[in-house]
Amino acid sequence: MTEGTPVINPVSKQGYILEFDESFHGDDLDGSRWLPYYLPHWSSREAARARYHIEQGALNLLIEEEQKPWCPEFDGDIRVSSLQTGLFAGPIGSPIGQMHFKPSLRVREAQESGKLYTPQYGFFEMRAKATADPHCMVALWMIGHEDVPEHSAEICIFEIFGRELTPDTTAVGMGLHPWGDPTIHEEWAAEHLAIDAREYHTYAVEWTPDHVAFFVDDKLVKVSNQSPSYPMQFMLSIYEFPEGRQVASSYPKRFTVDYFRGYRAAPAPG
């Protein structure tokens, strides 16, 4: 934790105004807020389609037993269900697109680029339950829209591997990855916290022009004194890795989200 850096009070949220409040009421996702795909330009909308259901005011992202890998040519047998709040990709055959995670990637299916919720700075929080399945990982993360290649850093609000979760402690990954942004340096670590992430906990980040501060259950965990300086979108994901299908396992795998909220800085008085 960095001492002396002024950060938000995550309880009062003084100085911030709620602008995005998603409590997952109703029978389906709001298509004006969420795209139910995972980086579909590198595969297809059908292959990258999220499996999910909404029940009693909670979103459940699922990995189902018969689900296919999302992008087998470039990402092996990894299966994923993910939502995102923006999308940018070039034409078919081009290497232009968000999260260019391998040099050989090419756009496979034309996509309509768009920005549903892509703020620049603010306070963002999610209340969620992870899974203890040892072959899964869940995450809430932010990426640049990448309409400019250098606008590609990641703010990882939290990621949790089921194999690193016990009733007494959980390794919660958080921090920044530069990817293609030369102004950001790698600053990520798994913080071991005395929580059982199978139960509901609140994970949050304050993102300002000067710092990114990370919180769990309204407690400051650490501060990074660097900051991406462009709009970013949200990615909400559950992954299952290949070894998860080589042993007896129960399905569906589940990542449960109670709510997600986004706040912007209030205008200065006067």
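This note goes through the nonpolar cores and the aromatic rings of a predicted model.

1. The largest nonpolar core holds 46 residues, and among these Ile155 and Phe158 are the ones that touch the most other members. If residues up to four places away in sequence are left out, Ile155 still touches Trp141, Met142, Gly175, Leu176, Val205, Trp207, Val212, Phe214, Pro228 and Met232.

2. As general background, nonpolar side chains in soluble globular proteins tend to be buried together.

3. Turning to the rings, a search of the whole structure gives 20 aromatic pairs. One of them joins Tyr16 and Phe123, whose ring centres are 6.5 Å apart and whose planes meet at 55 degrees, so this pair is classed as tilted. An angle over 60 degrees would have been needed for edge-to-face, and one under 30 degrees for stacked.

4. Where do Tyr16 and Phe123 lie? Tyr16 belongs to strand β1 (residues 16-22) and Phe123 to strand β7 (residues 122-129), so the pair ties together parts that are 107 residues apart in sequence. Both Tyr16 and Phe123 are buried.

5. Aromatic residues also gather in a cluster, which is formed by Phe20, Phe24, Trp34, Tyr117, Phe124, Phe234 and Phe260.

6. Lysines, too, are found over ring faces in this model: Lys129 lies over the face of Tyr200, at 4.7 Å from the ring centre, while Lys253 lies over the face of Tyr251, at 4.6 Å from the ring centre.

How values were computed:
Residues numbered from 1 in each chain as written. Predicted model: local features only at pLDDT ≥ 70, side-chain atom pairs only at ≥ 80, totals over all residues. Heavy atoms only, no water. Core = buried A, V, L, I, M, F, W, Y, C linked by side-chain atoms within 4.5 Å. Buried < 20%, exposed > 50% of the residue type's maximum accessible area, 1.4 Å probe, protein only. Contact = heavy atoms within 4.5 Å. Phe/Tyr/Trp six-rings, centres within 6.5 Å; stacked < 30°, edge-to-face > 60°. Helix = DSSP H or I, 4+ residues; strand = E, 2+ residues; numbered from the N terminus. Lys NZ or Arg CZ within 6 Å of the ring centre and 35° of its normal.
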